[in-house]
Amino acid sequence: MHPIDEITLTGVRAFGYHGVFEDERREGQEFVVDVTLYVDTTEAAETDDVADTVHYGEVAERIVELVGGEPLNLIEGVAARIADDLLSYDLVQVVAVTVHKPQAPITVPFSDVSVTIRRGRPAEAVES
């Protein structure tokens with residue numbers, strides 16, 4: 001069995017136009033994304049070479065691109081879009097994505113609303 005380690009990015013901020021309401025899609029708002037990538041970092045630890053791991057700077061930039069992409073109604077969809085994309089990185093076996101919507105149109109005082117999803121590669125893809 002291969003080790004499974006974690007690379008976590010917390011608080012990636014990106015502007016997007018997601019939401020059910022017309023004004024959300026017109027004006028947009030800031031979203032905050034946390035991701036944990038489950039990878040085997042054994043080789044990277046041995047070689048000390050960024051090419052042997054997942055470059056978290058590139059991941060952060062990709063998250064910003066994805067949040068700024070085609071608007072969706074729900075942050076569940078935004079989280080799934082990010083998860084599916086990050087699973088395309090060769091070393092990523094499982095990903096957990098949390099999308100926060102701190103300016104969500106809620107009529108009572110609140111600090112944050114978020115959705116967290118976890119996605120993994122099919123078992124046969126992980127074993128190969």
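**Charges and loops in a predicted model**

Glycine 69 has a relative accessible area of 27%, so the residue counts as partly exposed (buried means under 20% relative accessible area, exposed over 50%, partly exposed in between, with a 1.4 Å probe and protein chains only). The model is predicted: local features need pLDDT of at least 70, side-chain atom pairs count only at pLDDT 80 or more, and totals for chains, interfaces and linings use all residues. Residues are numbered from 1 along each chain as its sequence is written, and side-chain values use heavy atoms, with hydrogens and water left out.

Glycine 69 sits in the loop that runs between helix 3 and helix 4; helices (H or I, at least four residues) and strands (E, at least two) are DSSP runs numbered from the N terminus. In sequence, 54 residues separate glycine 69 from phenylalanine 15, while in space their C-alpha atoms are 9.4 Å apart.

Aspartate 85 and arginine 62 form a salt bridge with an N to O distance of 2.9 Å, where a salt bridge is a side-chain nitrogen of Lys or Arg within 4 Å of a carboxyl oxygen of Asp or Glu. This pair links distant parts of the chain, since aspartate 85 belongs to helix 4 (residues 75–86) and arginine 62 to helix 3, 23 residues apart. Aspartate 85 counts as buried because its relative accessibility is 16%, whereas arginine 62, at 26%, counts as partly exposed.

The whole structure holds six salt bridges. Side chains of opposite charge can pair when their charged atoms come close. Helix 1 (residues 22–27) contains both glutamate 22 and arginine 26, four residues apart, or about one turn of the helix. Their side chains meet in a salt bridge of 3.5 Å, N to O, and a network of salt bridges links Glu22, Arg26 and Glu27. Glutamate 22 is exposed because its relative accessible area is 62%.

Lysine 101 and glutamate 24 are joined by a salt bridge of 2.6 Å, N to O. The lysine lies in the loop between strand 3 (94–100) and strand 4 (114–120), the glutamate in helix 1, and 77 residues separate them. Both lysine 101 and glutamate 24 are buried.

Which residue is buried yet has no salt bridge? Aspartate 40 is that residue, and the nearest side chain of opposite charge, arginine 121, is 12 Å away; Lys and Arg count as positive and Asp and Glu as negative, without His and the chain ends. Aspartate 40 is placed in the loop between strand 2 (29–39) and helix 2. Its side chain makes a polar contact of 2.6 Å with the side chain of threonine 42 (a pair of N or O atoms within 3.5 Å, one able to donate a hydrogen and the other to accept it within protein; residues adjacent in sequence count only if both atoms are side-chain atoms).

A further loop, between helix 2 (42–47) and helix 3 (56–67), holds aspartate 48. Most residues other than glycine have a negative phi. Aspartate 48, although not a glycine, has a positive phi of about 60°. Aspartate 48 is exposed because its relative accessible area is 73%. Together with Glu43, Glu46 and Asp49, Asp48 forms a patch of negative charge on the surface; such a patch is made of residues with over 30% relative accessible area and no salt bridge, with like charges joined within 9 Å.

Definitions and conventions: Patch = residues over 30% accessible without salt bridge, like charges linked within 9 Å, V, L, I, M, F, W, Y side chains within 5 Å. Areas by Shrake-Rupley, 256 points an atom, 1.4 Å probe, with all protein chains shown as cover. Charge placed at Lys NZ, Arg CZ, Asp CG, Glu CD.
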